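User: Please take a close look at one residue in this model and at the strands around that residue. I would like one connected account.

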Amino acid sequence: MRTRLSRALPAAVAVLAVFSALPVSAATAAVREPVPYAAPVDHPSYIVTVRRDLDPADVARLVGVTPVHVYRTALHGFAARLNPGQVAALAALPGVETIEEDGTASAGVS
């Protein structure tokens, strides 16, 4: 008499064989390559907004920036630590709308 495990094992092996036969490129096609540069922590953090028709991560990549966060809902842009050269390079790109140094905000009551 076969056990439940001995009946299920051939099916499990078949499923694993199908997944292991997939090319590695198919499994990783949606994964983007990491950006090779991250600004040192002594550079100030900025919030950069870009036009809605641009991918914020692609804009960051154009100037060699690794975003700390990519915004796609309320804002359309990214946050990153930027050196002065990167700020200037972003300011020169036509699709960049704003570049603001990150900071704290408060609502004062007067």
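Analyst: Contact here means heavy atoms within 4.5 Å, and angles run from 0 to 180 degrees between N-to-C directions, with axes fitted to C-alpha atoms. The model is predicted. In those terms, helix 4 (residues 84–92) lies across strand 1, strand 3 and strand 4, and runs at about 155° to strand 4.

The strands belong to an open sheet of four, in the order 2-3-1-4, with antiparallel pairing. Strand 2 and strand 4 (96–101) form the edges, each pairing on one side only. On average, neighbouring strands of the sheet are turned by 20° against each other, direction ignored. Strand 1 (residues 45–50) and strand 3 run antiparallel and are joined by five bridges. Ser45 stands opposite Arg81 of strand 3.

The residue to look at is His76, which sits in the loop between strand 2 (69–71) and strand 3 (77–81). Is His76 buried or exposed? Its relative accessible area is 10%, so His76 counts as buried, the cut-off being under 20%.

Leaving out residues up to four places away in sequence, His76 touches Val48, Thr49, Val50, Arg51, Arg52, Leu54, Pro56 and Tyr71.

Notes: Residues numbered from 1 in each chain as written. Predicted model: local features only at pLDDT ≥ 70, side-chain atom pairs only at ≥ 80, totals over all residues. Heavy atoms only, no water. Helix = DSSP H or I, 4+ residues; strand = E, 2+ residues; numbered from the N terminus. Buried < 20%, exposed > 50% of the residue type's maximum accessible area, 1.4 Å probe, protein only. Pairing = 2+ DSSP bridges.
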